[in-house]
Amino acid sequence: MQRAVLKLCCGISYPHVRSMAGLQRAALAAFGQEISVRLQSRGQMSRPAWSPSRWTRHQEEEKQRTTALADEDVFYLRRGEEALNEALEIVESKDGWTPEMAEKNGDVIYSKVLMGNRKVFRLEAELDSSPEELHDILFVRVEEMHEWNPNIRRIRVLKHVGRNTMVTHEVSAETAGNLIGQRDFLSVRHSSKSKSCVYLGGAATQFESLPPQPGFVRAEDGPTCIILQPLQDHPDRTRFIWLLNMDVKGWLPQSLVNKALPRAQADFTKHLRLHLTAQNPEHKR
């Protein structure tokens with residue numbers, strides 16, 4: 001209120017100030033300065049931008065943003081670890097697995113029905129590659145997967161959380177014979193190593209800057225995992241175990257989905273073998 005009165009008085013008197021003598025103008029300036037000091041002492045005048053209190057508030061806001069970012073990283077890290085642990089419990093359980101399909105090359109796919117009537121699939125195969133090389137192909141260089149798997153249009157890493165966790169956006173390709181149709185996936189991926197085994201886990205997640213995209217049905221992975229275990233007598237070869245656990249969403253009949261998913265596993269493994277052979281021509285299996 002006092003500040004407004006001061007402005008009003010100054011505005012009214014402005015035409016007269018110009019005609020004042022020097023002594024009168026000095027007296028008016030002193031009067032204004034005294035009022036300013038009193039208002040500031042009562043906390044009624046804004047502090048300058050460089051004041052200590054504003055600087056402290058700026059530091060607190062920066063700290064809150066940093067804490068929020070750290071909390072986001074912790075969320076993805078925990079999500080990845082939990083997904084891997086949950087998937088391993090499923091794939092390593094002994095009960096309920098039944099043969100689903102077998103390939104001529106020895107690959108076998110088993111299925112199991114979980115609570116909620118969701119069917120999951122476990123592929124078992126042997127690959128002519130070490131676990132470390134497969135980890136590099138399937139995790140480290142995941143963005144290159146579309147170069148050797150025609151069923152993938154693209155995979156983009158949206159965020160890295162350390163060396164072993166990432167958030168990815170994947171878009172499937174429009175290919176002939178694809179019964180499920182084009183889908184996109186937003187997933188957290190996590191890798192872990194125990195002795196000579198490598199574990200890759202994943203599950204659906206959320207990413208604020210990438211909501212569901214128009215024109216795509218957003219499917220959900222998980223929890224899912226891949227186990228890469230060197231063969232006892234051939235450490236340069238790997239026992240490949242893949243748990244596929246997916247909700248494709250949409251309005252597809254479940255019977256159609258249950259036929260398409262194990263076929264997708266077999267196709268993926270076929271393309272992976274071709275890629276390994278292209279990298280190592282001496283491996284023909």
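A salt bridge is a side-chain nitrogen of Lys or Arg within 4 Å of a carboxyl oxygen of Asp or Glu. Glutamate 126 and arginine 237 form such a pair, their closest N and O atoms being 3.4 Å apart. The model described here is predicted, and a search of the whole structure finds 18 salt bridges. This briefing covers several of these pairs, a charged surface patch, a helix and a loop residue.

- Arginine 237 counts as buried because its relative accessibility is 16%, and the cut-off for buried is under 20%.
- Glutamate 72 forms a salt bridge with lysine 159, with 3.4 Å between the closest N and O atoms. This pair also links distant parts of the chain, with glutamate 72 in helix α3 and lysine 159 in strand β4 (residues 152-161), 87 residues apart.
- Within this pair, lysine 159 is buried at a relative accessible area of 14%, whereas glutamate 72 is partly exposed at 31%.

**Other salt bridges**

- Arginine 141 is paired with aspartate 136 in a salt bridge whose closest N and O atoms are 2.7 Å apart.
- Arginine 141 is partly exposed, with a relative accessible area of 27%; aspartate 136 is partly exposed as well, with 26%.
- A network of salt bridges links Arg118, Glu220, Asp247 and Lys249.

**Negative surface patch**

- Glu81, Glu82, Glu86, Glu89 and Glu92 form a negative surface patch.
- One of these residues, glutamate 86, lies in helix α3 (residues 52-92). Glutamate 86 counts as partly exposed because its relative accessibility is 38%.

**Helix α4**

- Helix α4 (residues 131-140) has as its buried residues Pro131, Leu134, Ile137, Leu138 and Phe139. Viewed down the axis of α4, these residues fall within an arc of 165°, so they line one face of the helix.

**Leucine 231**

- Leucine 231 is located in the loop between β10 (224-230) and β11 (238-244).
- The relative accessible area of leucine 231 is 16%, so this residue is buried.
- From leucine 231 to serine 130 the C-alpha to C-alpha separation is 9.1 Å in space, although the two residues are 101 residues apart in sequence.

Conventions: Residues numbered from 1 in each chain as written. Predicted model: local features only at pLDDT ≥ 70, side-chain atom pairs only at ≥ 80, totals over all residues. Heavy atoms only, no water. Patch = residues over 30% accessible without salt bridge, like charges linked within 9 Å, V, L, I, M, F, W, Y side chains within 5 Å. Areas by Shrake-Rupley, 256 points an atom, 1.4 Å probe, with all protein chains shown as cover. Lys, Arg positive; Asp, Glu negative; His and termini not counted. Charge placed at Lys NZ, Arg CZ, Asp CG, Glu CD. Helix = DSSP H or I, 4+ residues; strand = E, 2+ residues; numbered from the N terminus. Buried < 20%, exposed > 50% of the residue type's maximum accessible area, 1.4 Å probe, protein only. Arc of directions from axis to C-beta.
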